[in-house]
Amino acid sequence: MTSVRPKLKPETPKTVTAWETATGNVVWLRADQTWTQDLEEIGVFTGEAAEAALAAAKTQEGSITDPYFMEVTADGEVAGRETLRESIRANGPTVPYGVII
Amino acid sequence: MYRYDEFDAKIVKDRVDQFRGQVERRLSGEILEDEFKPLRLQNGVYLQLHAYMLRVAIPYGQLNAARMRKLSKIARDYDRGYGHMTTRQNIQYNWVALKDIPDVLEELAEVEMHAIQTSGNCIRNVTSDHFAGATKDEIMDPRPWCEIIRQWSTFHPEFAFLPRKFKIAVTAAEHDRAAIRVHDIGLHMRQRDGVVGFEVHVGGGQGRTPIIAAMVNEFVPESEILDYLEAIMRVYNRFGRRDNKYKARIKILVTETGPEEFTRLVEAEYAAQQASEKIALLQAEIDRIHAYFAPPAFEDKAETSDAFERAKAADPAFANWAKINLHPHKQPGYTSITISLKPIAGLAGDATDSQMAVMAHLAETYAFDDIRVTHAQNVVLPHVALDDLYTVYRELDAAGLATANESLITDMIVCPGLDYCNLANARSIPVGQEIQKVFSDPAYEQDIGKLHINISGCINACGHHHVGHIGILGVDRKGEEYYQISLGGRADEKAAVGQIIGKALRHEEVPGAVKTIVDTYRDLRTSADEKFIDAVERVGVEPFQEAIYASE
């Protein structure tokens, strides 16, 4: 069971995100449809290009897992209702961890 | 302490080999996530926000030094140097790579541990009183029966695909520290005319439909308990709903059927069991399991310890810690200690690899090689001589493990929340930290007395918010974090579900609201001896509602 993912309109800028299967690392799709772990490098898609990008990602579900659309601004900033979740997913927990207080 | 026989060892080893093959096929693309997901879940592997999470079973929270050292090594070698203790007395690793998990499971098998049945619609880790075998207020040690139930429920073919997950808890103490009334089955050990047996509670649970369990049988003798459990499970397996996962837990069946009719169904199923079906649990087998949990070789000691008294007089911080974090032991001259994993502004329930190593060392050196994980996300050394306590304390203090707050307001149950969890709607950890800061003055905190705050980041209630004296539930309002507060919940022998006191509050409003609740309590309590929960039960939630919402 995963959280409910909002449906995005065709014209809403978006990227494709997933997890790298071997490591579980979060990955995003670049404009050239290769995967990156750097949020600065993501591709921004709309309309049919976005659907094509997601469809292509779904053909790679050996090396990546569970690709889905993530809302972004035209400039590639995390946006929309899932901003907090996706920001945490991108940047890690909002609290320091693995340290002795 | 449980032990594997050669069959257990082989079963676990075979399971590791099987999962290694499944992971290899997943990594090669031979099988995809839809096919792999049920396989990984059967081995405790979740996919969370940032990474895979591996949940490792700790049977009824029972560890020894070797097992704790292994958990420390796994944290260091395969994760990011820490692990998270859970409300099922298990441990979770948050960053382990899928490609490494077969190796992790192989390492766990070396110390008789695994991740089997830590997920999925099966019988999960049996939980118990973390002071079992040590506390003065138990009629016997419940762990042998936890172990017998664990052996019965592990790989039980009939109960591998239940309508939904299934949780069993066992206690033998009058004061219920195992929250048995919010479990699918809660067992309270009793003695009647010299016979050991179980008071059986069924259909408790939390999640989106919190329900306190119904007592379906006052006394089932120990010789019949596994057959009786089978009867309950069969009724659930047959009549439990599979059409709607939100109505699939046994609590819904018990509620919709009615406790009386449910009990009648169980009794009928039990009566219909053929003699050949009965689990002929031989006394020799019961005795063999009990022998694993024989009391340690305690020395004859006086009730008091001069060394302990001198140390308290010389070191006020130690005296303060000893006042709060000790629990009375049945053996004179010994005590049980709670190692709080709730430092102020720390991560509730987390222990670093080095802290785990320290706890292993202390258990081995001073505590008869016995360690427990508590459902409140702390660690217990159940058997420590008062004479050794100051030495143990100083080592704990040096490792950041001597927070003096057991069962006080800063000792909260906190789920991982949106900082880690794929299901969460809101963060839990920062809210807990901010509340802790409000109550970080020890004098203020101790004046408040025992008070359980439980925080969940979503309705699934992993943080047990329904049964917190103060419960806090994170909800999502159009992408923003809000928190619903409830009062009056409790998980003990007087178990109750908390009452929501009003509209949800914004993240930044929560610490102030909790302070208002606490200060309202301090104003209206009859004396310093009236605990928060007792005061709430006496006056109801209205004075607290007024204090928080009056200005609106």
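Mentor: Domain bounds are taken from an automatic or database domain assignment, and on that basis chain B splits into domain 1 (6–110), domain 2 (142–292), domain 3 (306–398) and domain 4 (413–549). This is a predicted model, where local features need pLDDT of at least 70, side-chain atom pairs count only at pLDDT 80 or more, and totals for chains, interfaces and linings use all residues. Residues are numbered from 1 along each chain as its sequence is written, with chains lettered from A and ligands numbered from 1 in the order in which they are written.

Trainee: How far apart are the centres of domain 2 and domain 3 of chain B?

Mentor: Taken over C-alpha atoms, those centres are separated by 34 Å.

Trainee: How do you know that the length of helix α16 of chain B agrees with what it should span?

Mentor: Helices are DSSP runs of H or I with at least four residues, strands are E runs of at least two, and both are numbered from the N terminus. The expected span is 1.5 Å times one less than the number of residues. α16(B), residues 510–524, has 15 residues and should span 21 Å; its end C-alpha atoms are 21 Å apart, so the two agree.

Trainee: Which residues of α16(B) are called buried?

Mentor: Val510(B), Ala513(B), Val514(B), Ile517(B), Val518(B) and Tyr521(B). Their arc around the axis is only 135 degrees, which puts them on the same side of α16(B). Buried means 20 or more other C-beta atoms within 10 Å of the residue's own, these atoms being placed from the backbone; the arc uses directions from the helix axis to the C-beta atoms.

Trainee: What about helix α1 of chain B, and which of its residues are buried?

Mentor: α1(B) runs over residues 6–28, and its 23 residues reach 33 Å from first C-alpha to last, close to the 33 Å expected. Val12(B), Val16(B), Phe19(B), Val23(B) and Arg26(B) are the buried ones. Their cover includes α2 (33–41) and α4 (101–110) of chain B, where contact means C-beta atoms within 7 Å. After α1(B) comes Gly29(B), with a positive phi near 85 degrees.

Trainee: What makes β3 and β11 of chain B edge strands?

Mentor: The open sheet has five strands of chain B in the order β3-β14-β15-β12-β11, with antiparallel pairing. β3 (62–63) and β11 (326–328) each pair on one side only. Pairing takes at least two DSSP bridges, and β11(B) has three to β12 (334–339) of chain B.

Trainee: How many residues does the contact take from chain A and from chain B?

Mentor: Chain A gives 29 residues and chain B gives 35.

Note on methods:
A residue is buried if 20 or more other C-beta atoms lie within 10 Å of its own, exposed if 12 or fewer, and partly exposed in between; C-beta atoms are placed from the backbone. Two residues are in contact if their C-beta atoms, placed from the backbone, lie within 7 Å.
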